[in-house]
Amino acid sequence: MAQIPNLDNSPLNLKSLREQSQRDLVKILKDIRGKKCLVVEPKLGGTLSLIIQTSLLKEYGIELRHLSAESVQTDCSKVVYLVPSQRDLMKSISSHVHDDISKGLQREYFIYFVPRREIQCERILEEEKVHHLITIGEYPLYLVPLDEDILSFELDLAYKQCQVDGDTGSLWHIAKAIHKLESTFGVIPNVRTKGKASGIVSDILDRMHTEEPMNSPDMALSEINTLILIDREVDMVTPMCSQLTYEGLLDEFLHINNGSVELDSSIMGVQQEGKKMKVPLNSSDKLFKEIRDLNFEVVVQVLKQKATSMKEDYTEITTASQTVSELKDFVKKLNSLPEMTRHINLAQHLSTFTSKPSFLAKLDMEHTIIEASSYDICFEYIEEMIHKQEPLVNILRLLILFSESKSNWLTVKRALQLVVEDTDTANPDDIAYVFSGYAPLSIRLVQNAVRSGWRPMEEILKLLPGPHIETKRAGFTSSPSFGTLQGASNGLDKIADGRRSLVLVVFIGGITFAEIAALRFLSAQEGMAYDLIIGTTKIVNGHSLVETFFETFG
Amino acid sequence: MANVSVAAEWQLLYNRYYRKPELYPMRWKNIDLSRNKVACAPFGGPIAVIRDDSKIVQLYSESALRKLRIFTSSGVLISDTVWKNPGGRLIGMSWTEDQALICIVQDGTVYRYNIHAELIEPNVTLGKECFEQNVVECVFWGNGVVCLTEGGLLFCIPDFKVMSPCQLAETGAEDLPNCMAVIEPKYTVSGNVEVLVGIGDGILIVDEDSVQRVEGEMVQGPVQKLVVSWDGKYLAIFTHDGRILVTDINFKGVLLEYNCESALPPEQLAWCGLDSVLLYWDDTPLLMVGPRGDPVHYFYDEPLLLIPECDGVRILSNSILEFLQRVPDSTVTIFKIGSTSPAALLYDALDHFDRRSAKADENLRLIQKSLPEAVEACIDAAGHEFDVSRQRSLLRAASYGQAFCSNFQRDRIQEMCKTLRVLNAVRDPEIGIPLSIKQYKLLTPSVLIARLINAHRHLLALRISEYIGMNQEVVIMHWACSKITASLAIPDATQLEILLDKLKLCRGISYAAVAAHADKNGRRKLAAMLVEHEPRSSKQVPLLLSIGEEDTALMKATESGDTDLVYLVLFHIWQKRQPLEFFGMIQARPLPRDLFISYARCYKHEFLKDFFLSTGQLQEVAFLLWKESWEPGKNPMASKGSPLHGPRIKLIDKAQHLFAETKEHTFESKAAEEHAKLLRIQHELEVSTKQAIFVDSSISDTIRTCIVLGNHRAAMKVKNEFKVSEKRWYWLKVFALATIRDWEALEKFSKEKRPPIGYRPFVEACIDADEKGEALKYIPKLADLRERAEAYARIGMAKEAADAASQAKDGELLGRLKLTFQQNAAASSLFDTLRDRLSFPSVS
């Protein structure tokens, strides 16, 4: 199965976006004639694997390398760097060039910045005295479809940069990405934001509209009805909790990277000593699509059930006489066998982690903290973690959760019914199933925003960090015919061809798989008027989010 | 019939009709073409006139002052200027494609004028050799020129846009050529200009590198005149024996031959489209020769100038301008005397219809099947008309016919109306651009608009671009810039208002570009006012910087939210200003300040320290120093455990002192102090143990390492130095002892005193090390029954676990433990029984 997700079932034509990105990249490579060595920054390389197959790149006469501190070993006289606009990478590239010069190598250098060239990077190239030797270009990749309903801006450090450095460059990037989406799918008429960063993105987006007005007279034909912007800062509780959905747990323990996990092949039942293998995880895998968002407890049962029924079928086929069509059916079912095996292996591997008492104890503690029932127990638990020298990330994760659940938390928790008793994880009726009883705050906000907007819940919103804004884009309010149209359809507007209209939910600072599961759950509810599309700076979990704040010394 | 009069004006040449409608009576006064050098631009362009200085000045009737005058094609004066350029006689004068006037004088200097008779600097010269030998002849084409010197050398400017002259290969001939013609670069195989030189008894083809003699029968004997057709495919040659020949450009095949019976070559030889050739001697009628049949003579009593166009020739005299063209086919089918073509019948039908004659219907029925062609012919013919009323009647005929057509492209008429409106507007004598429809299509609307704005016909250009749905930005932009240049005396505020009033007509226009123009014209204040209106920050900010409005630039960049723009401004100011001034500008602005700090943190530590010192943020300096204290450790050249800790500790001490300066940072101060202390102790430990494993580890790790090494005294010393709590001490020591599997010591430790955290650490450490036996020593000592149950469960002792759980009366725990023992049927049922028993008393 390919790692590049199949986007055929997307509610938005994400395929065209991806194809555009493919074309842009191919054009860059074609325009540089002859053989060349393409040096890609490793993380970006991972992102690109979601857009284009590496084997395809080789057709354009390319030697592919990953950017590292070591200089590039190649016979090609042209070296093309494809890198994100990050200052720290400029030193490596400069040292490569200096290295070549000292060896008397004459090469042509190109740097393509993703998504755009930035003066702070070029400045360093100037200071390193290599700027004049390099041809500079841009590869305007502002977003990547991770799956049918997920777009990532691939801004790993966005949250840290905004919160710690005061560098809001990523917010401009997000606005630009949304602006680009709008130029394809129409201007989004309704915007709801919560949190400081969300407000800034919305402001920049408005500015972009005044700066470069979209020349579409048919603004009413916008495919996306509402944009909801949520700043991660508003809810730091949820990502700190251990995710309990299947995909969430896979991410917590095995780290899903660009839509796949890498693990020992022995775990997947392949006997190749010590070899690692990549297992793609996206909705092209039908079984995964079915179970990814379920609570892990349920996943185990579902898999068990499926295995049993298959076994029964098998016994039947070997004992009784079968018609040809029945045989056919059976063979069809057999086709799903590789998927079954894959997920049984994965689930089995996961349960070695989830059955550990330490994991259960941690879950227990997380729930105690969320319920804000006992300060002392939590405090002692965390102190003990420190004494036991548990990894710093784990300690910080719980500490953040602990400190976040202070002050207004009780009020918010009660008003938004964040803790739901007696959650039936097998037949859930609320998003709380994703954390076995805790309904993620962020998604509760989205749920309310979609249903009734901010107004009815203003008092609660005031208790959470940052402003909340609800706007209707100027172009829409001025057109009276559209206004009435909106009113008449009462928010339940459908696009002509019967598809539901769309809400784009953007998480600034990252979203977890558990939250994605909760959003999909909402989207699948009866009476839900919209399909949800998710935009995020990056898919995160408590671990990866906390790690961005680390600075390595020594 | 009405149609007769139209065809009556036509002349027949072989089987083709020609017509010669008058475009304008010339509005100029007292211009005698014979006494002037005249340059007419093709495509109905301007006419430059200057007295021919090779002719004697008529005293009293002409001013001694020479003036260069520029007229429209209708003879309306656009501009004039006094000619006082040095360099000798004016030899050649012609218009470029961009409508600049090129004037080449004897010494090879090239002067350029715009349509407003303003000299375009700088002047160019054709080179030293050209300067030494006078230029005697110039042959121009659309965008270049070839000049001949007295010495027979050829110089060329291949492209007026580049203006770099070059010399062509030398012909080596002694005599000067009789005549020259040029094949434009775009029509030659090499892509370079080729010159056909009629010299001696033949023709030479000269380019940059080579000279080639043309071989062939038809070039027997001297050639007197040569002209290349506008498409570069044919050549008209006037021979020494008075014949006019037309061949293809490679001298293959004679397409036309006519004996003019004149030993003297014509003064002007010009192509009329591609169908016929015109010859003009000033004392005989104008002669038009076609491929066959008798030539046509046109009689004039004035001197003439032939202006070749792609589809005919404009004939300029002192008093009128005419357009000689082959009558278009559609026009012929309609107006030819006796024509019964469908188009003619349709045109006739309209006439009947207007007169309410039933014959209209009859005509229509006759041509029912060919109605679409008839309509199309009427539309096409209308397009070729210069006469507005005839355009109208032809279009009415088309429209009348269209009403009876079911499948006709209806927008054809509308399109033609639009085109004709544009053409009629520019043909107006005031504007004076008599374009034919073919010329218009070839020129393209955008070039026409460019020419109109170049002639400062902004309003018309605006209207046309609006009418045909083109972007008006070009026009308004040019207008605004011209307005600024032209009215330097208008005060800034007034000027701004005038400009804004028009600029707002065009959404998305670049105010920054207009502002940049104002700045270039020394109107910095106006520029600042204009740039304020630029909505695109990415254009606004760089301009603000270039006009020195740094503060505003910083503000606008910040507002845009585009961090790249903020950096642009930051680096600009950083470079231009003194550090303190720079710091002052960014200090109170969060985004620029934070971006600067973020950048400087990576690359400009010292400068960043200066910044923090200037703002009094000593703690930030301290943090920087503290961070720097790690640097020496990174250096792979320095071995660990060396006196490296010296400079490191110095940096940390410095940081500590700075932290101590402010009350708010006592924690940091203390931490720094302890860090230094730890480093010192670790260094001592490395010296005493001779093992480089301590430096840069944490206090806990240091303690554990000491215990693992068996150095309990040192471990205790670290514990005391840093006031490590008993709880932590126990965890550390238990795990350290388990690491080295010193179970004896562990047991001894457990008995030292009652552990402050109970026995759980002991149990966990043993279980983690997979030592069930050791674990069992401590499990019974666990005070919490649930903990005890779970510990038993972890080492697989189901019964003990169950007992403890039931003692704890915890049903939930029993359930969970049962799950753990799921594989073990006996254990599983054990839990069920216990749980059942448990639930009973809790009910009561």
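A:Ser523 is buried, with a relative accessible area of 11%; buried denotes under 20% relative accessible area, exposed over 50%, and partly exposed in between (1.4 Å probe, protein chains only). The model is predicted, so local features need pLDDT of at least 70 and side-chain atom pairs count only at pLDDT 80 or more, while totals for chains, interfaces and linings use all residues. Residues are numbered from 1 along each chain as its sequence is written, chains are lettered from A and ligands numbered from 1 in the order in which they are written, and side-chain values use heavy atoms, with hydrogens and water left out.

A:Ser523 belongs to helix H23 of chain A; helices (H or I, at least four residues) and strands (E, at least two) are DSSP runs, numbered from the N terminus. Apart from neighbours within four places in sequence, A:Ser523 is in contact with A:Arg500, A:Met528, A:Tyr530, A:Asp531 and A:Leu532, where contact means heavy atoms within 4.5 Å. A:Ile533 is 10 residues from A:Ser523 in sequence and 9.3 Å away in space, C-alpha to C-alpha.

At their interface, 13 residues of domain 2 of chain A are in contact with 16 residues of domain 3 of chain A. About 1,300 Å² is buried between these two domains, with carbon and sulfur atoms giving 41% of that area; buried area is the accessible area (1.4 Å probe) that two parts lose on being put together, summed over both.

Across the interface of domain 2 and domain 3 of chain A, the rule finds 3 salt bridges, a salt bridge being a side-chain nitrogen of Lys or Arg within 4 Å of a carboxyl oxygen of Asp or Glu. Helix H23 (residues 513-524) of chain A supplies 3 residues, the largest share of the side of domain 2 that touches domain 3. A:Lys289 and A:Glu148 form a salt bridge, their closest N and O atoms being 3.3 Å apart.

Over all chains, the structure holds 81 salt bridges. In one of them, the side chains of A:Asp293 and A:Arg520 meet at 3.2 Å, N to O. This pair links distant parts of the chain, 227 residues apart: A:Asp293 is in the loop between helix H11 (286-291) and helix H12 (296-319) of chain A, and A:Arg520 is in helix H23 of chain A. Both A:Asp293 and A:Arg520 are buried.

In chain B, B:Arg577 forms a salt bridge with B:Glu550, with 2.4 Å between the closest N and O atoms. B:Arg577 lies in the loop between helix H18 (563-576) and helix H19 (579-587) of chain B and B:Glu550 in helix H17 (residues 550-560) of chain B, so the pair ties together parts that are 27 residues apart in sequence. B:Arg577 is partly exposed, with a relative accessible area of 26%, whereas B:Glu550 is buried, at 3%.
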